[in-house]
Amino acid sequence: MSESILDHGYIPEEHAPDPVIGHGDPTPPGKIAIWLFLASEIMFFIAILATYIIFRSGSPKIFAEHALILNKLLAGINTLVLIGSSLTMALAVDAAQKNNRKKLSVFLAITIVCAFGFMLIKYFEYKAKLTHHTIVATEVDATTKKPVVYVYDGHMIEKGDKAYKIEGFRARIDPDKPGELPFNIHWMSEKSVKELAAMQASPAHAAAMVDVPGGGEAKEEAKAEVKSAGHDLTESHGEEWTIDKSKIAQDITYGPWKNIFFASYFTLTGIHGIHVLGGIIALGILLIQSFRGKVFAAQTEYVGLYWHFVDLVWIFLFPLLYLI
Amino acid sequence: MDSNSAAAHGHGHEPEEAHGVSVPMPHHHVNYLAVFGTLVVLTIVTVSVTFIHTESELVKILIALLIASIKATAVAYYFMHLKFEGKLIYLIMIVPLCLCILLICALIPDVMHGPLFNIFFRQ
């Protein structure tokens, strides 16, 4: 024993008896610390998941309708990207433990690229939500000269100084009927506007509304036209609408302010995204150290545990938000 | 384990640099690619299940959560090396997991509005 208590004045960490379990348990203190941190993270995520469960059970219709607008394909790709990064992280930990610096650098680099890929896809997802508008505008009908209130729902194509151009759906808002809930822009989803528009364009509805001079054949044609338009509405991404800015009464995007569903969606995915960013910093430090010729085997393992945990959280968030 | 770390300590010529370059640590043999393949397959399964039309929403939710739990267990057991950990790590993890179950159970009165629950809480 060249190095002992006499040299250092303290018992080296790796030889000290484990204070919790007692003699013989070789679990390093760092690993205990990271697992305790993950335990606190579990409690953090279960708390925000519990709010999600409560909100969803209280407003099942809002959750069911608005979840449809989320992009399942992008989220599915993101799931695979994160699982792939978990694989490369596990291989990086393995390489670090075998003291293989070259392999460690390669796998850490791939993990970081995957993490940035995840955030990039997340950015496109968020951008699609934040450019999706629901607009209430009062316009004057060209033939009857009476004011009509419309609700538009769709993607902003062109945000001009005087007018907005959106691609989506338009439906008329009729005055509130007794016994029905009053109109609320926060509750209008793409689906509900689409269905309302299709209903208003239905032949029975159109027969009462469309007044074609000449009657007979022309009227039948007009009916068929309206019918096909109504059919198209349920299939397509909608039409292009130009809305005069001065006529807009209400305008809201699909951000967390939209309704309880988007508040949950942005909170859950946002907090998870912050964890991914934190992971990128930790992975970056390990990669820089690896480039400088140092292999931190234990630290790589701890960062790996954190990274797998972030993957594990997404494994639950993906079906909860996007699929069911 | 003990002899290994003792050997590592013996080899270190400069103790203050022991963190940087060290002798290979003990590592575990796991077929990571097989675990990854399982996770990918389960992801594809959970996505395709949502496109199947079932009468009951509850069945879909339970299937999705079951698959997610299997995936999470695979990640924790193999990627996070829970398979090779001692009692202490399991002890640390069991506490929050029990608290999670407790919290979710505490939500049941708020979540259940159906006839099943009215048996217990008659108006």
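## Ground rules

The model is predicted, so local features need pLDDT of at least 70, side-chain atom pairs count only at pLDDT 80 or more, and totals for chains, interfaces and linings use all residues. Residues are numbered from 1 along each chain as its sequence is written, while chains are lettered from A and ligands numbered from 1 in the order in which they are written.

## The two chains

Chain A has ten helices and five strands. Chain B has five helices and zero strands. Its pattern along the sequence reads α-α-α-α-α. Helices (H or I, at least four residues) and strands (E, at least two) are DSSP runs, numbered from the N terminus.

How much of each chain is buried? In chain A, buried residues make up 32% of the 324 residues. In chain B, they make up 14% of the 123 residues. A residue is buried if 20 or more other C-beta atoms lie within 10 Å of its own, exposed if 12 or fewer, and partly exposed in between; C-beta atoms are placed from the backbone.

Contacts tell another part of the story. Two residues are in contact if their C-beta atoms, placed from the backbone, lie within 7 Å. Take the contacts in chain A between residues at least 6 apart in sequence: 70% of them join residues at least 24 apart.

## The cores of chain A

A nonpolar core is a set of buried Ala, Val, Leu, Ile, Met, Phe, Trp, Tyr and Cys residues joined through C-beta atoms within 7 Å. The largest one has 66 residues, and A:A92, A:Y306 and A:V313 touch the most other members. Helix α10 (residues 297–323) of chain A gives the most to this core, with 18 residues.

Look at A:Y306. Leaving aside neighbours within four places in sequence, A:Y306 is in contact with A:I34, A:G279 and A:A282. A second, separate core has 15 residues, including A:Y164, A:A171, A:M188 and A:L196.

## The sheet

The five strands form an open antiparallel sheet in chain A, in the order β4-β3-β2-β1-β5. Why do β4 (239–244) and β5 (248–253) of chain A stand at the edges? Each has a single partner strand, so one side of each is left without a neighbour in the sheet. The twist averages 40° from one strand to the next. Two strands pair if DSSP finds at least two bridges between them. β1(A) and β5(A) pair in the antiparallel sense over five bridges. A:T134 stands opposite A:I252 in β5(A).

Helix α6(A) packs on this sheet, touching β2 and β3 (163–172) of chain A, and its direction makes about 60° with that of β3(A). Axes are lines fitted to C-alpha atoms, for helices over the stretch in contact, and angles run from 0 to 180 degrees between N-to-C directions. The buried residues of α6 (residues 190–200) of chain A are A:E190, A:V193, A:K194, A:L196 and A:A197. They lie on the same side of α6(A), because they cover an arc of only 165° around the axis. The arc is that of the directions from the helix axis to the C-beta atoms.

## A helix pair

Helices α3 (residues 60–67) and α9 (residues 260–291) of chain A have axes that come within 8 Å and cross at roughly 65°. From α3(A), A:I62, A:F63, A:H66 and A:A67 meet A:I260, A:F261 and A:F262 in α9(A). This contact has six nonpolar, one polar and no charged residues. Ala, Val, Leu, Ile, Met, Phe, Trp, Tyr, Cys and Pro count as nonpolar, Asp, Glu, Lys and Arg as charged, and the others, Gly among them, as polar.

## Two loop residues

Most residues other than glycine have a negative phi. A:K145 has a positive phi of about 60° although it is not a glycine. A:K145 sits in the loop between β1 (132–140) and β2 (147–159) of chain A. Is A:K145 buried or exposed? A:K145 counts as exposed, because it has 7 C-beta neighbours inside 10 Å.

B:H81 also has a positive phi, near 60°. Its place is the loop between α3 (57–79) and α4 (87–111) of chain B. With 20 C-beta neighbours inside 10 Å, B:H81 counts as buried.

## Where the chains meet

The contact takes 44 residues from chain A and 44 residues from chain B. On the side of chain A, α2 (29–58), α4 (72–97) and α10 each give two or more residues. The residues on that side divide into 28 nonpolar, eight polar and eight charged.
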